[in-house]
Amino acid sequence: MMDLKVETLETRVQIATTAKSLDAVQSWRREKLKEATELIREKTSNSTTSLKEARLLSRALGDDWAELFEEIGLWIPVQIINTEHDDKPEGEEELDYEIVAGKQLPLECHAEVHTDYGGDAVRWGLTHHKESAYDCCMACLNQAKHAGPNQKKCNIWVYCPSETGCHSPDIYQHKHQECWLKYAEKPRLNFKDRYPESYRNAHPNAPVIVPWMSGVVSV
């Protein structure tokens with residue numbers, strides 16, 4: 001007949017709910033309630049469940065079911081509204097790692113999105129535009145390859161992929177597709193991922209996210 005201990009009720013209900021839907025739990029409840037009721041009426045048992053346990057089980061699955069259902073965490077409201085929670089701070093922008101336009105950048109370009117490296121300008125980007133970050137990197141490699149003995153060889157490329165232009169603290173308006181070729185003995189970051197809050201306080205027009213792309217190449 002029935003082989004169920006009252007003390008295992010919570011575990012069995014939780015398992016039933018995990019495996020099936022609420023309807024399955026209710027079906028399980030009706031079945032066990034029927035078995036407990038039959039045991040009480042017969043007052044005999046071939047199972048390990050005593051008459052006292054059967055009475056407790058009958059009460060738990062009967063009159064006290066709604067309270068028990070909620071206590072063990074199985075209460076389900078009539079209407080469930082799923083709300084997507086956004087834990088990022090208010091006003092915080094997400095980093096956008098979308099696919100970069102143009103040819104795929106080779107590993108030797110060491111491309112880093114949302115990154116701006118400093119360095120001495122080998123070629124000014126204001127008058128040096130390239131169709132893509134790939135072309136900008138290639139321009140850096142080519143400049144280094146053909147540079148004269150007394151010329152600095154490009155080992156940093158900085159590209160503006162944003163159609164709305166890229167921010168910089170200087171006096172110029174930096175436009176889409178600017179390609180800066182730079183040299184630095186020890187390349188150092190100007191900015192990475194996000195502009196610091198202190199910087200944005202000093203530069204109110206600065207965006208949150210660094211718009212530039214950069215790469216440090218070996219020459």
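**Close-up views of paired strands and salt bridges**

At 33% relative accessibility, K192 counts as partly exposed in this predicted model. The legends below cover this residue, its partner and other pairs.

**View 1. K192 and E112 form a salt bridge.** The nitrogen of the K192 side chain and the oxygen of the E112 side chain are 2.9 Å apart. K192 belongs to strand β6 (residues 189-192) and E112 to strand β1, so this contact ties together parts that are 80 residues apart in sequence.

**View 2. D120 and K152 form a salt bridge.** Their closest N and O atoms lie 2.7 Å apart. D120 sits in strand β3 (residues 120-123), while K152 is in the loop between α5 (133-146) and β4, so the pair links parts that are 32 residues apart in sequence. D120 is partly exposed at 40% relative accessibility, and K152 is partly exposed at 42%. The model has two salt bridges in total.

**View 3. Strand β1 pairs with strand β7.** Strand β1 covers residues 111-113 and strand β7 covers residues 213-216. The two strands run antiparallel and are joined by three bridges.

**View 4. Strand β4 pairs with strand β7.** Strand β4 spans residues 156-159. Four bridges connect β4 to β7, and the pairing is antiparallel. Within this pair, I156 stands opposite V216 of β7. In a regular strand, side chains alternate between the two faces of the sheet.

How values were computed: Residues are numbered from 1 along each chain as its sequence is written. This is a predicted model: local features need pLDDT of at least 70, side-chain atom pairs count only at pLDDT 80 or more; totals for chains, interfaces and linings use all residues. Side-chain values use heavy atoms; hydrogens and water are left out. Two strands pair if DSSP finds at least two bridges between them. A salt bridge is a side-chain nitrogen of Lys or Arg within 4 Å of a carboxyl oxygen of Asp or Glu. Buried means under 20% relative accessible area, exposed over 50%, partly exposed in between (1.4 Å probe, protein chains only).
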